[in-house]
Structures are given as structure tokens and as C-alpha cells.
Amino acid sequence: MTDSMVAERELNLAELAYGQIRRMILERELPGGMSVVEGRLADHLEISRTPVREALMRLAAEGLLTKQGSRSFAVRRVSAAEFFQSMHIREVLESEAIHLAFGKIDRSRIVDLRGKVIALGECPDQTAAHWQLDDQIHLMFARASGNIVLTKTIDELRTLTRLCEVTYPLGRVPASTVEHLAILDMLLEGDAEATRTAMLTHLRNVATDCMDILRGG
């Protein structure tokens with residue numbers, strides 16, 4: 001095997017490790033504050049340590065992990081202050097994304113997402129499918145806007161929000177179903193301001209529910 005083939009294989013394994021570990025974090029298999037040791041994780045994933053190390057460094061750079069030692073990390077805990085600050089910024093940026101994207105989203109895509117929201121709404125427990133659909137709805141506007149920086153920033157803020165929700169499960173599937181449908185329905189009606197209002201209502205309700213949990217309500 002040539003050096004270039006070895007390098008390509010290591011790169012592919014690092015990408016695989018990154019995807020697996022990121023999923024484990026965002027689906028609560030690795031909860032906030034939990035130590036992540038390179039060697040143990042490599043054994044669990046049945047991948048050599050080098051690609052796992054590269055994946056962990058990448059996740060640390062993205063803010064999903066914090067470094068604890070030379071070979072260990074911990075899943076990042078998001079503070080209440082960070083969560084509420086990120087939600088405020090999301091209001092601003094996702095409102096702008098709706099403004100820039102309006103009229104650029106294919107109607108069939110909206111109808112398809114609406115059907116998925118209704119179908120998943122029948123399952124009250126938060127699953128990976130719910131998270132994936134949530135990503136599709138929220139990032140749809142940013143991607144349609146054509147602004148790469150806006151899309152990347154919203155995606156990063158959503159990851160931070162999700163880290164907090166992983167630590168403090170909100171149990172919002174029924175409420176989010178109603179709120180997502182309101183966003184999509186206003187979008188189908190071609191009402192930009194109503195779509196923006198529905199999005200803001202959704203984001204503020206998420207923040208309010210999180211505040212209630214933090215207060216022990």
C-alpha cells in the first residue's frame with residue numbers, strides 16, 4: 001500500500017470516527033461532562049487511535065468537547081448563560097435567513113417537510129429522526145439564502161442549543177410539532193412576516209421551556 005493510499009485510508013477513518021462520536025454526543029450516548037478517553041473510544045469504535053485522535057481534536061475545535069489531558073477530553077457542558085445568549089442570536093440570524101430565502105424554496109420541499117413533521121409528531125419521544133428533521137427545517141432558510149457564513153453560524157449555534165437540550169431534555173416534541181407546522185404553513189401561504197413571527201415564537205418558546213426546567217418548574 002502506497003503512502004498516499006495509507007493517508008487516504010486514515011482520512012476516511014478519521015471522518016468515520018468524527019461522525020460516530022458526534023452522533024454519540026448529540027444523541028446522549030455521551031452525556032455532558034462525561035470523560036472521553038481516546039484509547040477506550042478507539043476500542044469501542046474498533047478503529048485505531050490516530051483517526052480517533054484526529055476526530056476528537058476536530059470536535060474540540062467545534063466546541064463539542066473540552067480538553068482534559070494529553071489524551072482525554074470531556075463532553076462540553078453548556079451553561080445557561082450561553083444557551084440563552086445563543087437563542088437570542090439565533091432569533092436575529094434566523095429571521096434574517098427567512099428574509100433572504102423567501103421565494104427561493106421549492107414548494108414541494110415545504111410540503112414534504114410538513115408531511116414528515118406530522119408523521120414524526122405521532123412519536124412523543126425525541127429521537128434522532130426528530131433532530132434530523134429539526135435541522136432540515138431550521139437550516140433550510142439559511143441554505144436557501146445563499147449566505148455561507150450565515151448558514152455556518154446558525155449551524156454552530158444550533159449545535160450549542162442541542163448540547164444544552166441533551167443535558168436538560170425539554171420533551172418538546174408535541175409543542176415543536178405545532179410550532180414547526182405553523183412556520184411551514186405560513187411559508188406555504190407566502191407570508192414572509194408571518195413565517196418570521198412563527199419562527200420567533202418557536203425559538204422563544206424553546207428558551208422559555210428551558211428556563212422553566214432550570215428553575216425546577
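This report describes the fold, the helix packing and several individual residues of a predicted model.

## Overall architecture

The chain comprises nine helices and three strands. Read from the N terminus, the order of its elements is α-β-α-α-β-β-α-α-α-α-α-α. The C-alpha trace extends over about 55 × 45 × 30 Å along its principal axes.

Of the 217 residues in the chain, 42% count as buried. The accessible surface amounts to about 11300 Å², and carbon and sulfur atoms contribute 53% of it. When contacts between residues at least 6 apart in sequence are considered, 75% of them link residues at least 24 apart.

## Packing of α4 against α9

Helix α4 (residues 80-101) and helix α9 (residues 192-214) cross at roughly 175°, and their axes come within 9 Å. Because the angle is over 145 degrees, α4 is roughly antiparallel to α9.

On the α4 side, the residues in contact are A80, F83, F84, M87, R90, E91, E94, S95 and I98. Their counterparts in α9 are A192, T195, R196, M199, L200, L203, R204, V206, A207, C210, M211 and L214. By class, the residues of this contact between α4 and α9 comprise 14 nonpolar, two polar and five charged.

## Packing of α5 against α8

Helix α5 (residues 107-120) packs with helix α8 (residues 173-188) at an angle of about 160°, the two axes being 10 Å apart. This angle makes α5 roughly antiparallel to α8. The crossing of α5 past α8 is left-handed.

From α5, the contact draws on R107, I110, V111, L113, R114, V117, I118 and L120. From α8, it involves V173, T177, H180, L181, L184, D185, L187 and L188. The contact of α5 with α8 contains 11 nonpolar, two polar and three charged residues.

## Packing of α6 against α9

Helix α9 also packs with α6, at an angle of about 135° and with the axes 13 Å apart. At that angle α6 is oblique to α9. Here too the crossing is described by its hand: α6 passes α9 in a left-handed crossing.

The residues that make the contact are D134, H138 and F141 of α6, together with T195, M199, H202 and L203 of α9. They divide into three nonpolar, three polar and one charged.

## L133, a buried residue of α6

L133 lies in helix α6 (residues 128-145). Its relative accessibility is 7%, so L133 counts as buried, the cut-off being under 20%.

Neighbours within four places in sequence set aside, L133 contacts L113, K116, V117 and L120. L113 is 20 residues from L133 in sequence, and the C-alpha atoms of the two are 7.8 Å apart. L113, V117 and L120 are also among the α5 residues in contact with α8.

## Residues in loops

R76 occupies the loop between β3 (72-75) and α4. Its relative accessible area of 19% places R76 among buried residues, since the limit is 20%. Beyond its neighbours within four places in sequence, R76 is in contact with G32, G63, L64, L65, T66, E82, L160 and L163. L160, one of these partners, is 84 residues from R76 in sequence, with a C-alpha to C-alpha distance of 9.4 Å.

R28 is located in the loop between α1 (3-26) and β1 (35-37). With a relative accessible area of 34%, R28 is partly exposed. R28 and V166 are separated by 138 residues in sequence, while their C-alpha atoms are 6.0 Å apart in space. E46, in the loop between α2 (38-45) and α3 (49-61), is exposed, with a relative accessible area of 73%. E46 has a phi near 55°, a positive value in a residue other than glycine.

Key. Residues are numbered from 1 along each chain as its sequence is written. This is a predicted model: local features need pLDDT of at least 70, side-chain atom pairs count only at pLDDT 80 or more; totals for chains, interfaces and linings use all residues. Side-chain values use heavy atoms; hydrogens and water are left out. Axes are lines fitted to C-alpha atoms, for helices over the stretch in contact, and angles run from 0 to 180 degrees between N-to-C directions. Helices (H or I, at least four residues) and strands (E, at least two) are DSSP runs, numbered from the N terminus. Angles under 35 degrees count as roughly parallel, over 145 as roughly antiparallel, 65 to 115 as roughly perpendicular and the rest as oblique. A crossing is left-handed if the near helix is turned anticlockwise from the far one by less than a right angle, and right-handed if clockwise. Contact means heavy atoms within 4.5 Å. Ala, Val, Leu, Ile, Met, Phe, Trp, Tyr, Cys and Pro count as nonpolar, Asp, Glu, Lys and Arg as charged, and the others, Gly among them, as polar. Buried means under 20% relative accessible area, exposed over 50%, partly exposed in between (1.4 Å probe, protein chains only). Accessible areas come from the Shrake-Rupley method with a 1.4 Å probe; for residues, only the protein chains shown count as cover.
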